[in-house]
Amino acid sequence: MPKIPKNLSLLKRSSNRQSNRPPPTSVAPTHSEEDDMQQISLKDKRATERKAQKDAGACFWENLGGKLFYPSLYFDNEWRLSLTTIFKISFSIRVTASFWSIISDCDEVYNYWEPLHLFLFGRGFQTWEYSPIYAIRSYFYVYLHYIPAQLLFPLLYTSKAGFFHMIRCVIGVFNLASEIVLYESVCLRFGNSIGRFYIILSIFSVGIFNSSCAFLPSSFSMTMNAFAMAAYLREKWFLAILCTAISALVGWPFAAVLGLPIVFEMCLIRYRHLFLRFILFSLISAVLILVPMYLVDSFYYGRPVLAPLNIVLYNVFSSHGPDLYGVAPISYYLKNLLLNWNVATMLALIALPLALIVYIKTNYVKDMDTDKPVSAKIEWTILYWYRFVPLLLITLSLFAWLAIFFAQPHKEERFLFPVFPLIAILAGVGIDAALRLLPSKLASIPWLLLLTYVLLCLSRGWALHRNYYGTLETYKSFHDHFIINQQNMDFSKMQDPIRLCLGKEWHRYYSSFFLQEHVVDKRNRKRRVEMYFVRSEFRGLLPKPFIAGRLPANTRHIPTGMNDLNQEEMDRYVPADSCDFLIDLDLGNNGTEFEPNYAAMTDKWRTLTSKPFLMAEESNSIFRAFYVPFTNDYLKYGNYRLLEYIRD
């Protein structure tokens, strides 16, 4: 019969809290503290005996119980944030993110928002990845967003821009659900205080603020990985495998790496009890996901397609792969982690050794014969380490992810999104372990680190909004321009359809959701608004519109002028003087041959709106990264302009 662990430090804490209470005034006899503790110990002993008999040496947490630093569940007396409080705070932040967080990756617009716009409105831009020749993007992933979007459309059919934000809000609420479920599991498996720190770190994380509402497979994988880890911590093996499979197959194939804790537990540590279940659950999950994905993608591409396989073949086995789109040094990810997680990055990295020390120091047992606490000797058995194993495996999965992606030449911020929940968990463990190890005189240090983290996240979030909000505001202004100025509009002086053009700012396009489907001038003439490219210094491959028609004919059509080598195609461009409107960043200089300063050509272009936009290269690196009051002199801004072509 295994010994029942009891945490002595927590016994003392509980005893101290109760020793100062006045005796009850009731006439009925009361139990002493010692009697109460004996009753709890007796109940705990009997319950553990029953669970140990049921466990039969398998050492499942579901049977043996306990938390990371609590050998018994009975003595985790730390307070918890209520789910209602978490929901209210997190919901407010996610809604704010859906309106305020910037789109920093053009892949999000052209590879996901544009196909969704095609599904909803019958038009949108197509990248080479969606050509049936290459087919490395999944329409099934887009379709999962199309279903709720179609249900919400009647609520905001008058405003496409409002509809865009509503879809982002839905994505954010989906992420919120994963946060709450993971919080519950962390409290249950690791401890209430660790769960409390996790949710605070997650809610205030500027990285999660920006990624939670992003329409990206890596953001989707981040959310599904949170669900998977929540199921894993509760030993809900089928749900853990299913969520990991959804994350990898529907979201991003490389997210399968984050299933490492599940694989290790089921196939190595507990292979006698779980290996066959792992095989069965994996097969069921694969069938449940791949069959509908295969059917949907094959329907829209017009040929048999398994998009996850095509992504892996292109990124891993092609001769050029994603390196064509730029390479970056390791410092790129290091800076990114520090900007998004600041001091939490350090706390996550040291969480495992700190937790190991605390785990060993607090691993006391109560002898079943003498009923006295004795120090547990370190044993290399699963019975001794079963409460520590999940933390070890989660840490290994984070390090494996970082090792893989740090080694890749092509680096992007979104590649780190899937591990953001793991960073929050480990940072929470690091704070809790530090509080247990530090003497009382230094106990304020972890709290100061947490406060510093929150302040830096708020500073970073506000700096991003202040420095780059001009892009979104400009597209909102263009969307509303035709409504506000309808009585002054004269379409006889404009193209049909009306042309909005982008030059060097093509990569900051906020999607066709900011183009009105039809606009009306003062004479009730109706026209459509479309976006076109004018040539800039960029010499890579730009997207082109899907051909006009009905689904699935336009997705099955093989477009001309597409390649997977990022080679420029000249059929993408129109002359600047054929445009009716143009969005451009005015840097205050004369520009170049292909990127002139359009705003300075006052005889051809008039400025309708102008918003400040940070010129990063000419601004102080610290003060542009974080908001610090009274430091505007160290920052330089250009003007993000909406221009209208002057026609007599």
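This is a predicted model: local features need pLDDT of at least 70, side-chain atom pairs count only at pLDDT 80 or more; totals for chains, interfaces and linings use all residues.
Me: What share of the residues is buried?
Reply: Of the 648 residues in the chain, 54% are buried. Buried means under 20% relative accessible area, exposed means over 50%, and partly exposed lies in between, with a 1.4 Å probe and protein chains only.

Me: And the contacts, how many join residues at least 24 apart?
Reply: Among contacts between residues at least 6 apart in sequence, 80% join residues at least 24 apart. A contact means heavy atoms within 4.5 Å.

Me: Which residues have the most contacts inside the largest nonpolar core?
Reply: They are F190 and F513, in a core of 159 residues. A nonpolar core is a set of buried Ala, Val, Leu, Ile, Met, Phe, Trp, Tyr and Cys residues joined through side-chain atoms within 4.5 Å.

Me: What does F190 touch?
Reply: Leaving aside residues up to four places away in sequence, F190 touches K67, L68, F69, S185, L233, P390, L391, I394, I425 and V429.

Me: Changing topic: where does UniProt put the transmembrane regions?
Reply: The unreviewed UniProt entry annotates "transmembrane region" at residues 163-183, 195-217, 237-262, 274-294, 338-360, 384-407, 419-438 and 444-463. Those positions are in the numbering used here, feature names are shortened, and annotations may be inferred rather than shown by experiment.

Me: How far apart are the end C-alpha atoms of 195-217?
Reply: They are 27 Å apart, and the chain over that span is 74% helix and 0% strand. For residues 237-262, the end C-alpha atoms lie 8 Å apart, with 69% helix and 0% strand.

Me: How do α7 and α8 cross?
Reply: The axes of α7 (residues 160-189) and α8 (residues 192-204) come within 7 Å and cross at roughly 155 degrees. Axes are lines fitted to C-alpha atoms, for helices over the stretch in contact, and angles run from 0 to 180 degrees between N-to-C directions. The two helices are therefore roughly antiparallel; angles over 145 degrees count as such, under 35 as roughly parallel, 65 to 115 as roughly perpendicular and the rest as oblique.

Me: Which residues make the contact there?
Reply: α7 contributes E179, L182, Y183, V186 and C187, and α8 contributes N192, I194, G195, R196, Y198, I199, S202 and I203.

Me: What about the axes of α10 and α11?
Reply: The axes of α10 and α11 come within 8 Å and cross at roughly 170 degrees, so α10 and α11 are also roughly antiparallel to each other. Residues of α10 in the contact include F220, M224 and F227, and those of α11 include W237, L239 and I246.

Me: Which residues of α12 are buried?
Reply: In α12 (residues 260-269), the buried residues are L260, P261, I262, E265, M266 and C267. Their cover includes α10 (217-233), α11 (237-251), α13 (271-301) and α18 (389-406).

Me: On the backbone, which peptide bond is cis, with omega near 5 degrees?
Reply: That is the bond from D496 to P497, with P497 in the loop between α20 (444-484) and β5 (498-502). The bond from L551 to P552 is also cis, with omega near 0 degrees. P552 lies in the loop between β9 (544-545) and α21 (553-556).

Me: Where does S511 lie?
Reply: S511 lies in the loop between β5 and β6 (519-520). Although not a glycine, S511 has a positive phi of about 95 degrees, and at 0% relative accessibility S511 counts as buried.

Me: What is the phi of A135?
Reply: A135, likewise not a glycine, has a positive phi of about 50 degrees. A135 is in the loop between β2 (125-126) and α6 (139-152) and counts as buried, at 0% relative accessibility.

Me: Lastly, how far apart are Y469 and Y640?
Reply: Y469 and Y640 are 171 residues apart in sequence and 9.7 Å apart in space, C-alpha to C-alpha. Y469 lies in helix α20 and is partly exposed, with a relative accessible area of 24%. Not counting residues up to four places away in sequence, Y469 touches L464 and P612.

Definitions and conventions. Residues are numbered from 1 along each chain as its sequence is written. Side-chain values use heavy atoms; hydrogens and water are left out. Helices (H or I, at least four residues) and strands (E, at least two) are DSSP runs, numbered from the N terminus.
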